[in-house]
Amino acid sequence: MARDEINAFLGSGTVYQGKLNFQGSVRIDGVFNGEVQSEGTLIIGKDARVEGQVRVGQLILSGNIQGEIIATKKAVLHRTANLVGSLQAPVLMVEEGAKLEGHIAMQASVTPDKGAKEASGQK
């Protein structure tokens, strides 16, 4: 599979509600309400609307997203992006014109096993 290959595509006019788990890359250009979980890349097109909990490896945002967002590797907000809610990412790139409203935390990526060990004081 090519690095930039998209595995799934929710096109304009598509409305989806529920849970989305995937590998690789997924692009949303429609409306999505629910929960997204992946180590891969989520691309949200400029006319898309996403609402809910999102935990992905990389987020590329050009449209609208509202909710709790965690990008474990990187978040990119293009000039047409509109984010309302919380965003946690170790790397954040924001183009001039992007809109952010909420809480942003930039901290190193933590894997579940590492976080559990640190919380208990183990190494």
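User: What should I know about the model before using it?

Analyst: It is a predicted model in which local features need pLDDT of at least 70 and side-chain atom pairs count only at pLDDT 80 or more, while totals for chains, interfaces and linings use all residues. Residues are numbered from 1 along each chain as its sequence is written, and side-chain values use heavy atoms, with hydrogens and water left out.

User: What is the average pLDDT of the protein?

Analyst: The average is 88, and 85% of the residues score at least 70; pLDDT is the predictor's confidence in each residue, from 0 to 100.

User: Where is confidence lowest, and where is it highest?

Analyst: Helix H1 (residues 112-120) has the lowest confidence, with a mean of 43, and strand S6 (residues 49-61) the highest, at 98. Over residues 112-123 pLDDT stays under 50, and the model has 2 contacts beyond four places in sequence for them. Contact means heavy atoms within 4.5 Å.

User: How many helices and strands are there in the protein?

Analyst: The protein has 1 helix and 10 strands, in the order β-β-β-β-β-β-β-β-β-β-α from the N terminus on. Helices (H or I, at least four residues) and strands (E, at least two) are DSSP runs, numbered from the N terminus.

User: Which strands pair with S6?

Analyst: Strands pair if DSSP finds at least two bridges between them. S6 is joined to strand S7 (residues 64-77) by 12 bridges, and the two run parallel; Ile 60 has Val 76 in S7 as its bridge partner. Strand S4 (residues 31-38) also pairs with S6 in the parallel sense, over 7 bridges, with Asn 33 partnered by Glu 51 in S6. Strand S5 (residues 41-44) is joined to S6 by 4 bridges, again parallel, and Leu 42 has Leu 59 in S6 as its bridge partner.

User: And what else does S7 pair with?

Analyst: S7 pairs with strand S8 (residues 82-88) in the parallel sense over 7 bridges, where Gly 67 stands opposite Gly 85 in S8. S7 is also joined to strand S9 (residues 92-94) by 3 bridges, running parallel, and the bridge partner of Val 76 in S9 is Met 93.

User: Staying with Gly 85, what does it contact?

Analyst: Leaving aside neighbours within four places in sequence, Gly 85 is in contact with Gly 67, Glu 101, Gly 102 and His 103. Gly 85 and Glu 68 are 17 residues apart in sequence, with a C-alpha to C-alpha distance of 5.8 Å.

User: Why does Gly 85 count as partly exposed?

Analyst: Gly 85 counts as partly exposed because its relative accessibility is 23%. Buried means under 20% relative accessible area, exposed over 50%, and partly exposed in between (1.4 Å probe, protein chains only). Of the 123 residues of the protein, 34% count as buried.

User: Changing topic, which residues make the nonpolar surface patch?

Analyst: Val 94, Leu 100, Ile 104 and Met 106 make a nonpolar surface patch of about 330 Å². Accessible areas come from the Shrake-Rupley method with a 1.4 Å probe, and for residues only the protein chains shown count as cover.

User: Where does Leu 100 lie?

Analyst: Leu 100 lies in strand S10 (residues 99-105), and Leu 100 counts as partly exposed because its relative accessibility is 36%.

Definitions and conventions. Patches are made of residues with over 30% relative accessible area and no salt bridge: like charges are joined within 9 Å, nonpolar side chains (Val, Leu, Ile, Met, Phe, Trp, Tyr) within 5 Å. A salt bridge is a side-chain nitrogen of Lys or Arg within 4 Å of a carboxyl oxygen of Asp or Glu.
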